[in-house]
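Visitor: I'm new to this one. Could you walk me through it?
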Amino acid sequence: RPIELWCVASDASDCSGRASKPSALFTALVHAREPQTLMCVLRVVECLLAGGGGAAGGTSHVRAHAHHLLHTRKLLLLPVANPDGYEWNAEHSPRGGGMRRKNGLRTCSSSGSSASDGVDLNRN
């Protein structure tokens, strides 16, 4: 499955491969059974793009930090680091509670249908 990488910066040219700004990488769903990590990454982006306040408004101190971060860094967002595991959980537990943690590499069974199959992307 494809893996998407998003870029957030103060200027679109900052997201080119030749940008001189340092990068910060935010990942989510390394473990497919932890979907709340995606919500956390999206909330960070929402707050940054809202000037540090998000829905709550934020203080001038927080807004200043958000502005500084967006103007001095290229933020790289990997919203679904483990699309195989995430899809497996959606197929096998569509109402939530899927327990697949690993990616989709066939390691324990020939069918790849076991939740035990795969490589834990955080350990290997």
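Here is a short chat about the fold, a disulfide and a few residues.

Guide: Before we start, this is a predicted model, where local features need pLDDT of at least 70, side-chain atom pairs count only at pLDDT 80 or more, and totals for chains, interfaces and linings use all residues. Residues are numbered from 1 along each chain as its sequence is written, and side-chain values use heavy atoms, with hydrogens and water left out.

Visitor: In what order do the elements of the protein run from the N terminus?
Guide: Helices (H or I, at least four residues) and strands (E, at least two) are DSSP runs, numbered from the N terminus. The protein has three helices and three strands. From the N terminus on, they run β-β-α-α-β-α.

Visitor: Which cysteine does the disulfide join to Cys 7?
Guide: A disulfide here is a pair of cysteine sulfur atoms within 2.5 Å, and the structure holds one. Its link is left-handed, with -85 degrees about the S-S bond. At an S to S distance of 1.9 Å, the partner of Cys 7 is Cys 15.

Visitor: Is Asp 14 buried or exposed?
Guide: Asp 14 sits in the loop between strand E1 (6-8) and strand E2 (23-27). Buried means under 20% relative accessible area, exposed over 50%, and partly exposed in between (1.4 Å probe, protein chains only). Asp 14 has a relative accessible area of 12%, so it counts as buried.

Visitor: And how does Cys 15 count?
Guide: Its relative accessibility is 31%. That is why Cys 15 counts as partly exposed.
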